[in-house]
Amino acid sequence: MLDVRRLRLLRELAHRGTIAAVAEAVSFTPSAVSQQLSALEREAGVPLLTRSGRNVVLTPAGRTLVRHAEVVLAHLERAAAELDGARQGLAGSLRIGTFPSAGRVMVPAALASLAQRHPGLEPMVVELDPAQVADALRAGDLDVALVHSYDFAPVPAEAGIAVIPLCREAMYLATGDPHLTTVADCRDQPWILAVKGTLCHRMTVHACETAGFTPQARHEIDDFATVLALVAAGQGVALVPELGLVDRPDGVTLTRLPLARHTRIAHRGGAEDHPAVRAFAQAMRSAVPAGL
């Protein structure tokens with residue numbers, strides 16, 4: 001019989017790439033992770049990993065077992081959801097991930113709704129980049145999370161993760177000059193980009209490249225309030241989603257673009273019917289601003 005806990009470790013290795021990264025994610029020592037994976041190989045009766053120095057690669061049998069593990073773990077999530085649904089009332093912690101603009105505009109109202117409808121539920125919010133969400137959900141560090149993608153920066157499906165559509169925001173060109181009304185108009189302007197490696201950074205670069213140029217970055221800022229303050233100060237132009245336009249300073253001209261940011265609720269596969277996940281999704285829908 002294959003041990004489910006060891007299957008989780010193999011799944012983490014498939015996604016994280018190294019035993020050290022798996023150990024950090026599950027709060028084990030690398031030696032303990034290696035021992036558990038070796039025990040799983042003995043249970044399976046075939047080699048699951050090939051080792052070359054510090055590198056570990058899954059064998060074809062290992063990759064096959066990971067695919068089966070995803071199905072098994074999703075079934076376990078559904079079983080847990082049914083058991084929790086049999087209880088009277090929601091209780092316990094709900095670990096929520098969010099990105100900053102959603103955390104500022106929508107999450108407080110959603111938490112207020114949860115507190116009113118489910119006083120026994122204890123939401124715990126952590127802010128993190130959407131790129132980190134899948135690993136955090138699979139590791140059990142989060143139960144649900146808000147993630148986003150852009151028209152010019154789609155996000156591929158993540159194994160073991162499912163999403164619920166929430167809202168669609170328009171994107172705006174923010175400038176200090178009302179005569180700059182298209183991305184192409186800003187070819188020779190300095191740009192305020194998000195930090196490299198983020199979806200927002202990739203989206204802006206792709207939008208500019210589609211308009212025929214590569215943006216010249218002057219500043220790299222993730223916080224949209226700071227971005228708008230820099231635009232008002234004449235420090236550059238930027239692309240900003242609708243949720244990022246709260247408290248727009250004077251001196252900023254906004255032009256709506258035919259681009260959008262899409263926000264979704266992410267959870268582990270199989271958890272879509274968990275009462276707490278459903279309650280959070282309902283609360284988030286009630287918190288979406290009118291017009292989104």
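Reader: What share of the 292 residues in the chain is buried?
Author: Buried residues make up 45% of the 292 residues. Buried means under 20% relative accessible area, exposed means over 50%, and partly exposed is in between, with a 1.4 Å probe and protein chains only.

Reader: What sort of model is this, and how are residues numbered?
Author: This is a predicted model, where local features need pLDDT of at least 70, side-chain atom pairs count only at pLDDT 80 or more, and totals for chains, interfaces and linings use all residues. Residues are numbered from 1 along each chain as its sequence is written, and side-chain values use heavy atoms, with hydrogens and water left out.

Reader: How many helices and strands are there?
Author: The chain has ten helices and ten strands. These are DSSP runs numbered from the N terminus: helices are H or I with at least four residues, strands are E with at least two.

Reader: OK, salt bridges. How many are there?
Author: The count is twelve. A salt bridge here is a side-chain nitrogen of Lys or Arg within 4 Å of a carboxyl oxygen of Asp or Glu.

Reader: Which residue does R11 pair with?
Author: R11 forms a salt bridge with E70, at 3.0 Å from N to O. The pair links distant parts of the chain, with R11 in helix α1 and E70 in helix α4 (residues 60–85), 59 residues apart.

Reader: Are those two buried or exposed?
Author: R11 counts as buried at 4% relative accessibility, and E70 counts as buried at 14%.

Reader: What about R16, which residue is its partner?
Author: R16 forms a salt bridge with E12, and the closest N and O atoms are 2.5 Å apart. Both residues lie in helix α1, four residues apart, which is about one turn of the helix. R16 is partly exposed, with a relative accessible area of 23%, while E12 is buried, with 2%.

Reader: And where do E158 and R138 sit?
Author: Their side chains meet in a salt bridge of 3.4 Å, N to O. E158 lies in the loop between β5 (144–150) and β6 (161–175) and R138 in helix α7 (residues 133–138), so the pair ties together parts that are 20 residues apart in sequence. R138 is buried, with a relative accessible area of 5%, and E158 counts as partly exposed at 37%.

Reader: Which residues are linked in a network of salt bridges?
Author: The network links R11, E12, R16, E70, D135, R138 and E158.
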